[in-house]
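Please read the following report alongside the sequence and the coordinates.

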Amino acid sequence: FSFPFSVTMYTLIMLTEQQKKYLAKIPEDRIVNIQPWDPNAADFAKGLMDEIHKLSSLEVFWEGSLALGIPGENDIDLYIFSEPRDFKKYLPDIIQILGDPTFILKEKILWRVKKAGHKIDASLISSDSQTVKQDKLFYSLLSENPDLLKEYAALKKRGLTAREYYKRKNEFYNRVTGNDSK
């Protein structure tokens, strides 16, 4: 028996248990809303980052497709860095900008909000978080490698179900970062 392709050419990319659980929660009929890169959304993100930094003096890391300048959902993905012991100190300032948090957890505070028509996913979180380290690595690798960035942009196709889209994104993320063993 022989395969019609070289098995050594392909690496099987696994999803983590957490990713599988996330994917299972996405309605099967939901279609992802991929849009061309929006310079107005990017400008809004930059202004939002400046506003957060001025009011709280915290470091802000912007990631995701919008930050990379490629098609996507044009949502604004932000990490705002603080140690959990200091969350209470900074939370009032961030609430002035983003509104009330969607989730307050021990190790992070999350916002899933809309502001001026822009979808924002923000996290107040330690810069030492494993999630942050992986996401910074992913962003850095794509920023520095045009071929990887093109490959990532190519998987962002219109008409995919949200479940299939996020499955492909997670598989790509895991392959690029080596995050397929957890």
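A residue is called buried under 20% relative accessible area, exposed over 50% and partly exposed in between, with a 1.4 Å probe and protein chains only. By that rule Thr 161 is partly exposed, since its relative accessible area is 27%. The model is a predicted one, in which local features need pLDDT of at least 70 and side-chain atom pairs count only at pLDDT 80 or more, while totals for chains, interfaces and linings use all residues. Residues are numbered from 1 along each chain as its sequence is written, and side-chain values use heavy atoms, with hydrogens and water left out.

Thr 161 belongs to the loop between helix 6 and helix 7, where helices (H or I, at least four residues) and strands (E, at least two) are DSSP runs numbered from the N terminus. Not counting residues up to four places away in sequence, Thr 161 touches Glu 28, Arg 30, Ile 31 and Val 32, a contact being heavy atoms within 4.5 Å. Between Thr 161 and Ile 31 the C-alpha to C-alpha distance is 4.2 Å, although they are 130 residues apart in sequence.

**Aromatic pairs**

Rings of Phe, Tyr and Trp (its six-membered ring) pair if their centres lie within 6.5 Å, and planes under 30 degrees apart count as stacked, over 60 as edge-to-face and the rest as tilted. Nine such pairs are found in a search of the whole structure, and two of them are tabulated here.

| Pair | Centre distance | Plane angle | Class |
|---|---|---|---|
| Phe 138 and Phe 172 | 6.0 Å | 85° | edge-to-face |
| Tyr 152 and Phe 172 | 5.2 Å | 20° | stacked |

Phe 138 lies in helix 5 (residues 130-144) and Phe 172 in helix 7 (residues 162-177), so their pair ties together parts that are 34 residues apart in sequence. The pair of Tyr 152, in helix 6 (residues 146-154), with Phe 172 links parts 20 residues apart. Phe 172 is buried at 4% relative accessibility, Tyr 152 is buried at 5%, and Phe 138 is buried at 7%. Elsewhere, Phe 61, Tyr 79, Phe 81 and Tyr 139 form one aromatic cluster.

**The chain as a whole**

The protein chain has seven helices and five strands, which run α-α-β-α-β-α-β-β-β-α-α-α from the N terminus on. Of its 182 residues, 43% count as buried. Among contacts between residues at least 6 apart in sequence, 64% join residues at least 24 apart. Along its principal axes the C-alpha trace spans about 65 × 35 × 35 Å.
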